[in-house]
Structures are given as C-alpha cells and as structure tokens.
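User: I would like to go through this protein with you. Could you start with what you mean by a contact?

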Amino acid sequence: MRRTVGMLGLVFLGSALAKEVQVEEVSVTATRTERKTEDVPASVSVIGKDKLDQKPMFNLYDALQGLPGVNITTRNQGYDTRLIIRGAGLKAPYGVREIMILLNGVPITDPDSLTRLDFVDTSLIERVEVVKGPNSTLWGVNSSGGVINVITRSPFEKKGGFIKLSVGDYNTQNHNLYYSTPLGGGFYIGFNASRRQTDNSWRPHNKFWTNQITLQPSYMFQDGSTWENYISYTKANLELPGSLVVNPSRGIDQWSEFKRTGQVPTTADPWKNMGRYSEIFFLSSKLTKNFGNLEIIPLIYLNHWQHYHPVTGKINDANTWVYGFDFQANYRHSLGTLTAGFTLRHDDQNTDYFKYRDVKVVQGRILSTLSDRRGDLLEKQNQKTTLSGVFLQESLQRGRWIIDVGARVDRVKFDISGFKWGDYDFGLGNYRSCPDPSIDNCLSYSRDKTYTAFSPRIGIVYKLTSVVNLYGTISTGATTPSSSELSSNPDLKLSKVINYEVGLKARHQKFTVDTALYLMRVKDEVVRVIQPNGYTQFTNAGKTEKKGFEFSGSYKLFEGFDVGLSYAYSDYKFKEFSELVGGKNVSRNGNRLPYIPIHQYSLFVNYTHPSGIRARVQTDTWGRYYMDNANTEKYGGYDFLTSVSLGYVKRNFDVALMVDNIFNKKYAVEVTKDTSGVKRYTPGSPRTFLVRVSYSF
C-alpha cells in the first residue's frame, strides 16, 4: 500500500508541474456511448493501431499481452486463445467464457457465454477496447469478467487499400489484401481476404491454418448517420497437440524430457489427434440514426457455425445457428445522456458425438488414438438457449462530476435434450454402451433450466484537475453455466459477482497513468475440478473473494520515444468451496485459485524516428501460481519473455521483422494438476520470427 500511495503522490506532483495538455483516448465500449477513457468510472484500456502494426496479429494474444489484470496465452499462434480477466474465464477448458466479446459493437458471445474466436479476422483489426470488471448492467449476463470490443477498419475511410505478405520460420505465413472505395450516392464497400498458417513443427500435431473473406457494404446518410454491414466467411483448421504429462506412478516425466533435450514429445495422454476444424458464416447489420437529440442503434446478426472437434474421449460434430437482435437508444438532454435498450439472442445447436474409430487398446483400455476419424455414434443432442434482456442507464454530468446509474434484467433459458447409445468411461478407459446405470443420462434425456439476473451499477468520476481524474464504482455481474457444463452437471447455479473499485487516471501529453484497486465477491462461481485421467467436472463454489491492484503507465522521454510499465497484483481465494476427491468432498476454504499469479509485470520501450525507422521491445513476467485447487504445488511461471519488432516505413512501403521469445526460453503457458497428482504442462512456443512487407495503394 505504501508503494501505491507513493505512486499517487508522483502523479499529483507531475500533474502540478507539467503543462496541462491532455491526450484524448476515446472508448465506446464501457458506456455504450463515445466518451474519453478518463471520464469512464471503470478500468478501460485501448490498444491502438500503432501497437497492432508492430505485432504479428495471429490472434488476440498479440494485442492483449501485457495488460494488467488480463491473463492471456496461446498454444500455437492459432485462434485458441486462453483469455482470463480478473479471474473470470478460469473455468474454460477451451474457448472464452464469462467475458463478453464484441465485433464492432456486435455481440459474438453465445447466449450461454461461449465465445469462439475462429471467425475474427485479426488482419482487419484497427483497435481493441478492453473494459475490466463486471459489465452486466450494459452488456448483459455472461460479461462478469469484462467486455472486449474488437473494432475493424471502416469502409468509410479514404479510398484505397494495402497488401501484406508475411513469412517466418516453421512455414509460418500471414497474408492479406484489403481495399475500400466509395461507390457513389453514399454507398461504400470494403473487402478483405486473408490467409494465416503455421506448421508449428517444434512439436507434433500442432498445425494451424485459416482462410477468411470479409465484405463491408455500408451507407452514409447526408446527416452523418450510417448503415454498416459486415459479412464474413471463415474456413479454419486447428490441431490440438495435448499436454506433456508428469505421472510418477507410470514413470512418465515428459516435461523434464523437454527441458533437457529441447524436443517436445507427443503427449502421453491417449488423445493424440485432437483438433478443431470449423466453417463459419457471419452477418451483422447495424443502423446508427439521429433524430435531433435522439440516437437509435438497431442491429441484427446471424452466425452459422459448423465444426468437427475431436476432444478427450469422443469426437463432436456440431451444427450451430445463432440469431440476435439488439436495440439501443441514446437521448442527450441538458443533464447528460439517457441510454436504454433490449437484447434478444437465440442459439440452436445440434451435436453428434462419436467414438474414435482408430484406437490402440491394451488390456481393455484405450492407450492411444491413431487418427481423428469418427467411429460409432455415441449420442445425439440438441441445445436451445434463449437470452432476453433490457437495460437502462442515466449518465449525469455537472461541473467536475460524472455519475452513471443503471440497471439491467436478463433471462436465459436452456432447453437440452438428446439420446445416448453410449459414452466414454474415464475409470474404465474405454467406451460403455447403454443401457448402463454407470452412464449419466443413458438413453433419452431432457433438461430445462432458466436463470434470471438483476444487475445494478453506480459509477462516479471526479475531475481533480484537468489532468487527473478519480473514479469509484459499485458494479454487479452474473454468469450462467454453459450448455456443456449443464450437460455434465444440471444442478449448477447462476454465478453472481459484486465489484467495489476505486482508481485514478491521468492523461497528459508527456505521460498516462491508470490505477485500479478492487474487491470482488463472487457467489456460486462455477469451478473446474480436474479428476484423474483428465476428466473435468464443474461445480459451484459457495463464495470466492478476489482482491487486486492494477497499474499501467507510459512516459514520453522525448518525441518518438516512449517507455511503459504495467503491473497486476491478484489475491484470489476460495472462501467456501469443497471438491470431490476419491469420492469424498474435501474443503478448499482459504486456498488460492489456481493458475492466476499473485504478481504479473510487463515493460515496453517504443521508438519511432521521423525517417520511418521504428522499434518496439516488450518483456513480460508471469509469477508463480498454484497448479490445483488443493494448492499442493506451485509452478514457477516465467521471467522476461521478450518480443522485439524492428521496422521501416517509407512512403507506401512498410517492412518489419518481428521476433517472439527472443531468448528462446523453455516455459509452460499452463500447468494443471488433477486430483490424483498427475501434472500436465502446455509448453510455450520457442523463438519464432516473422518478416512482413506491406504496400499501401
């Protein structure tokens, strides 16, 4: 706390001595209306084009790495980003949960909280806005961790485009072509085509590729109102290589083998052919229309998603349709802005589950898959999820004060039905057939579940000086279990969180500072329990408490030369929680949540010369964390994982060399330990490089 007070004192001193000229950074995500970030009573970060242009941009990891309070990793540069904000999303074995993801303000998070990032074309991203902490009041249930808005290039920008060609080691390629032009009469169109791929031959079964095409036909009215459309098609293949196993009872230590030899072995788990192979069509249409002081923003969106997904124990073949309609109205009056709206979203998913056809069986147990081809049908399931919500927020501005007061009500209904012919038995190590009393929901089953969430919020900003703002907020959030979690445990409850937060924000032409001090109390948080053989169970923790402090700041030493630092302190503990171990419930009260380090740091240096030369160095440190809910063992994390970007811009040409993990550290992006003591390490990628040449026209 002494360090925090000292830092605040430095900020006050700096604001008193420096010339009071602010640097404006605008966000539309935190309040649903355009507002400077220092005027928002929440922790907000904006990652702009300058940083994105110096990253490979294979996925959101490249954009978000280094943000305090954000734990993000990637296994193979593909879209399989593991994303956690202030502990939310920790339960997710794949995909993103508990965090609302927007694409140009359009929700792409399913009604049951799952977000798939495979159809987000990273080559189109212009900036990314991140709001940390519960935001259910404005964006609805399942945004209790925060909101991320991915904003792409607009076709309303000047006529022209560019072509980018990128190549690197491990047969890595990242190419895209973009062009936008006015068509006359207020019509504009943008077009983008991209290809990303890497063999990732530093470890077996680790390839990734995706092809994407995007059209943005849009219209601008004479009064400045807009009608924006976004149509995209994605074909993506992602191999999932599994983890390195440490199991003393079987004499297996693949992590030590990797550390000793530098060679990554094939996983010792049976599932050696996992992957996600998807095809997605996405459409959104948004109108922004002004009628004097009233602005209305209706939008519709459609997502058709098919994937073939070999995972632990079985192969999922899913066909999903997601439909959505949102309406927002902003009324600007003499005291501020009134924002109101409603949401309707429906998810209809049909999934067939199959056995692996080609397996190696020894003494009745499956020891290894030999391919990802599907065998006999195990189960047919239909999941229907419907979300409806209504929200209202009043933003008042008077003198030095800004006050936001709002509330939202959401209702989420799950309808899950299906028929089972069999299932994989983790204890047996093979498949069982119905009827069998040991198989949950054998033969036909049906479940209906409805959750209702009320999410109020109040936030206050006080302009201490023209440079420094103080803020405080009490915000709430709620998260439903996902459809897959309800399939394994139909008794899961709605998770609720209340967040108390204060902070300081400073904006000046020489420096920026953001601090946040928060306390989050979570009731019935859904927790992942990793049982023997990798079997995952989900249960509610009675109470969880999360305390933290975040700092990020940058300073301009001289024109073109910036340095920055971010730091996160995260003290997350179970207050009331017990998990099933060997058939008995064992208390974990007072234990820390796994995977989240107490300390996390990031440093960067950025230099841009008038001649066109530019350079960026960023180094990240991820502190020690517990591997399991029982807190039996810690992983050491990693220190100074460093990336470097060197570039030169001259007229229409932009050439860049980007190197990740420049010191070639051997580290793990995640370590888990199941209830039997078996550890699983996911190794991070070695040193990699990418050379990019861009031409604008």
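Analyst: Two residues are in contact when they have heavy atoms within 4.5 Å of each other. Please keep in mind that this is a predicted model.

User: Which residues does Y635 contact, leaving aside its neighbours within four places in sequence?

Analyst: Y635 is in contact with W255, R624, Y625, M627, Y667, A668, V671 and Y681.

User: And which residues touch the most other members of the largest nonpolar core?

Analyst: Those are L64, L83, I148, Y635 and Y681, in a core of 67 residues. Strand 31, residues 511-530, supplies the largest share of this core, with five residues. Another core lies apart from it and has 22 residues, among them L240, Y308, I366 and A656.

User: Let us step back to the whole chain. How many helices and strands are there?

Analyst: The protein has six helices and 44 strands. Its radius of gyration is 25 Å, close to the 26 Å that the globule rule gives for 697 residues, so the protein is as compact as a globular protein of that length. The C-alpha trace spans about 75 × 60 × 50 Å along its principal axes.

User: What share of the residues counts as buried?

Analyst: Of the 697 residues, 59% count as buried. The accessible surface of the protein comes to about 27,800 Å², and 57% of that belongs to carbon and sulfur atoms.

User: What part of the contacts comes from residues 24 or more positions apart?

Analyst: Such pairs account for 64% of the contacts with a separation of 6 or more.

User: On to the strands. Which way do the residues of strand 4 point?

Analyst: In strand 4, residues 70-73, V70 and I72 point one way, while N71 and T73 point the other way. In a regular strand the side chains alternate between the two faces of the sheet. V70, N71, I72 and T73 are all buried.

User: How many bridges join strand 4 to strand 5?

Analyst: Four bridges join them, and the two strands run antiparallel. Strand 5 covers residues 82-85, and I84 in that strand is the bridge partner of N71.

User: Where is the hairpin with two residues between its strands?

Analyst: The hairpin is formed by strand 34 and strand 35. V581 stands opposite K584. In the turn, G582 has a positive phi of about 60°.

User: Now the cysteines. How many disulfides are there?

Analyst: The count comes to one disulfide. C434 and C442 form it, with their sulfur atoms 1.9 Å apart. The link of C434 and C442 is left-handed, with -130° about the S-S bond.

User: Are C434 and C442 buried or exposed?

Analyst: C434 is buried, and C442 is buried as well.

User: One last residue. Where does P41 lie?

Analyst: P41 lies in the loop between strand 2 (35-36) and strand 3 (43-47).

User: Why does P41 count as buried?

Analyst: P41 counts as buried because its relative accessibility is 0%, and buried means under 20%.

User: What does P41 touch, not counting residues up to four places away in sequence?

Analyst: P41 touches R35, D404, R457, G459, I460, V461, Y471, G472 and T473. P41 and K55, in turn, are 14 residues apart in sequence and 30 Å apart in space, C-alpha to C-alpha.

Definitions and conventions
Residues numbered from 1 in each chain as written. Predicted model: local features only at pLDDT ≥ 70, side-chain atom pairs only at ≥ 80, totals over all residues. Heavy atoms only, no water. Core = buried A, V, L, I, M, F, W, Y, C linked by side-chain atoms within 4.5 Å. Buried < 20%, exposed > 50% of the residue type's maximum accessible area, 1.4 Å probe, protein only. Pairing = 2+ DSSP bridges. Disulfide = S-S within 2.5 Å. Rg over C-alpha atoms; globule rule 2.2 N^0.38 Å. Areas by Shrake-Rupley, 256 points an atom, 1.4 Å probe, with all protein chains shown as cover.
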